Amino acid sequence: MKFAFPGCPSILSPMNRCDYDVAILGGGSAGYAAARTADGAGLKTVIIEGGKEVGGLCILRGCMPTKALLYAAEVMHLAGHPEPWGIRAGKAGFDFKKVMARKNVLINDFADCRVKQLNAGPFEFIRAKAKFMDAHAVELTSPLRAPGHPRSVMRGEGRDEGRPKRVTAKHFVIATGSTVAPSPLPQLNEAGFITSDEALTLKRLPKSLMVLGGGAVACEFAQFFARFGVKVTLIQRSQHILKEFDAGAAAAIESVFRREGIRIFTGTKLLDAKRKGKAKTVSFEHRGKTVSVSAEEILFALGRTPNTAGLDLARAGVETDNGRIVTNDLMQTSVPHIYAGGDCTGLHEIVHLAVQQGEIAGHNIANPNTPRRMDYRLLISVVFTEPQVALVGLTEKEANGRGIPFLAASYPFNDHGKSLIMEAKDGFVKLLAHPKSGEIIGGTCVGPVGGELIHEIVAAMAKQMTVHELAAMPHYHPTLAEIWTYPAEELAGQIR
Ligand SMILES: Cc1cc2nc3c(=O)[nH]c(=O)nc-3n(C[C@H](O)[C@H](O)[C@H](O)COP(=O)(O)OP(=O)(O)OC[C@H]3O[C@@H](n4cnc5c(N)ncnc54)[C@H](O)[C@@H]3O)c2cc1C
């Protein structure tokens with residue numbers, strides 16, 4: 001694809017030039033990052049945000065509320081299991097309303113901060129839903145608003161007659177995010193289920209819950225509910241949960257989940273779902289037999305899908321693949337002056353990537369001669385279960401699949417000083433290195449604060465460090481971080 005900075009199309013009269021240099025569809029993480037970057041580079045920029053509420057998925061219904069709840073679940077778990085340290089605390093209890101209220105206070109603060117950034121930003125901000133009329137124009141319609149929600153009152157809000165009906169721009173950045181994937185089984189719709197959105201606003205806990213799915217969202221919610229006393233059954237289609245990780249990482253989490261009372265079925269195929277009175281029943285194939293499980297509620301966590309259906313992308317000529325907007329590593333779509341970033345590009349639903357993609361789109365629009373590219377070498381994934389599961393770069397499964405040669409070494413947390421002090425004995429760290437140069441090409445950590453610990457390997461890989469350099473780097477004792485030196489030393493011994 002060629003870089004271009006085309007003017008507006010000839011259908012616009014010479015008097016009627018483009019309204020903006022850049023129009024960004026969606027004011028979430030990717031959209032805000034694109035706007036800040038484009039505006040910072042001196043381009044006349046507008047964000048068009050059409051959601052009921054303003055703030056984006058990460059703040060409103062994604063990373064932040066889930067992590068606030070998971071932290072509460074961790075405190076609950078520790079409070080209920082103080083014996084290893086010789087502490088007696090009595091029976092730990094909780095007030096679910098307060099647990100949710102604390103989460104709400106945090107989320108409202110984060111969202112208010114984003115609203116201020118959008119309202120007071122140097123770029124323009126329009127509350128409207130956009131869809132393409134052609135490759136240089138979008139039509140705007142009023143967004144649905146969350147009733148009585150103060151955060152939906154924005155600059156220009158309530159003045160529909162003053163809002164433009166369409167916006168033209170030299171460039172666009174599509175950053176419209178994702179929505180919950182449709183149910184694969186019509187009977188599930190009839191039985192009824194909640195998604196992560198509803199799980200975050202429950203007023204009371206169900207007594208029992210079936211979690212459909214085995215990805216990050218499914219696992220995080222499964223442990224959250226189980227730690228607050230809900231009888232949880234997790235039903236996963238793949239042979240192990242967290243299928244993008246190595247089987248060893250998944251096995252460590254499955255064993256913790258089982259210890260905490262979560263029932264797990266993997267390698268399943270959903271067959272049927274029904275509701276009778278208060279009970280919902282899901283039937284599935286498992287090891288050649290039909291199994292039925294009943295619970296008060298079903299949590300549908302079978303993934304998300306790019307939110308592109310209502311954008312009339314065909315009118316702009318933007319190519320999609322199963323709904324996801326196809327981009328190159330410059331974040332350019334098949335139409336060179338239209339860019340895209342974040343979940344609508346579909347491959348990774350990870351917020352720092354959404355931000356990076358938005359920044360790269362904004363930068364490349366402003367600086368076509370010094371473009372920046374996305375580099376997925378340092379792809380990071382974190383699952384905020386306890387223990388946390390974190391990964392950067394390659395897993396053994398992926399390296400084998402891509403025919404990349406490697407050496408691997410791992411070390412368990414049940415043989416490490418600091419984690420023994422903390423009674424955090426589940427999991428391990430693993431390093432993958434190039435067998436000749438010793439360059440680190442992957443790291444996995446299943447263990448206490450794994451999401452923090454992985455950043456040592458992110459930094460090492462960013463600087464293309466070898467296992468020899470990592471092993472030689474000073475590590476304070478006793479820390480969790482020094483566990484990385486063991487597999488590094490082992491590999492350094494093998495690669496001379
Ligand atoms: C339960 C859950 C937990 C998660 N936890 C994590 C985590 O711990 N770490 C992590 O990295 N990621 C996490 N994620 C993923 C992360 O939240 C997303 O990858 C990220 O928020 C996507 O940002 P985005 O800008 O692409 O989309 P969004 O933030 O969804 O922004 C899209 C915006 O576009 C607007 N919009 C849509 N259509 C239109 C239109 N036609 N016109 C105008 N505006 C429109 C929407 O209203 C929305 O505001 C989680 C996701 C979920 C669901």
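Let's start with strand β12 (residues 279–286), which is joined to β13 by seven bridges, the two running antiparallel. I take strands (E, at least two residues) and helices (H or I, at least four residues) as DSSP runs, numbered from the N terminus, and two strands pair if DSSP finds at least two bridges between them. One example here is Thr281, which stands opposite Ser294 in β13. This is a predicted model, where local features need pLDDT of at least 70 and side-chain atom pairs count only at pLDDT 80 or more, while totals for chains, interfaces and linings use all residues. Residues are numbered from 1 along each chain as its sequence is written, and side-chain values use heavy atoms, with hydrogens and water left out.

Back to our strands. They belong to an open sheet of three in the order β11-β12-β13, with antiparallel pairing. β11 (268–276) and β13 (289–295) are the edge strands, each pairing on one side only.

Now, over to β6. Why is strand β6 (residues 166–174) largely enclosed by the rest of the structure? Because seven of its nine residues are buried, meaning under 20% relative accessible area with a 1.4 Å probe, protein chains only. Strand β1 (residues 20–25) runs parallel to β6 and is joined to it by five bridges; there, Ile24 has Val173 as its bridge partner. Val173 also stands opposite Tyr339 in β18, and β18 (residues 338–340) pairs with β6 in the parallel sense over three bridges. Strand β5 (residues 137–141), by contrast, runs antiparallel to β6, with three bridges, and Val138 stands opposite Val167.

On to the ligand, which I know you've been waiting for. There are 35 residues around it, and Ala30, Glu49, Lys67, Asp343 and Val351 come nearest; a residue is near if one of its heavy atoms lies within 4 Å. By type, that shell divides into 14 nonpolar, 14 polar and seven charged residues, with Gly counted among the polar ones. Helix α3 supplies the largest share, three residues.

Which polar atoms sit by the ligand's oxygen and nitrogen atoms? For polar contacts, I use pairs of N or O atoms within 3.5 Å. An N or O atom in the Lys67 side chain is 2.7 Å from a ligand oxygen, and a backbone N or O atom of Gly51 lies 3.2 Å from a ligand oxygen. A polar backbone atom of Ala130 is 3.0 Å from a ligand nitrogen. Altogether, the protein covers 90% of the 1,000 Å² of accessible area that the ligand has on its own, by the Shrake-Rupley method with a 1.4 Å probe.

Conventions
Polar contact = N/O pair within 3.5 Å; in protein donor to acceptor, adjacent residues only side chain to side chain. Buried < 20%, exposed > 50% of the residue type's maximum accessible area, 1.4 Å probe, protein only.
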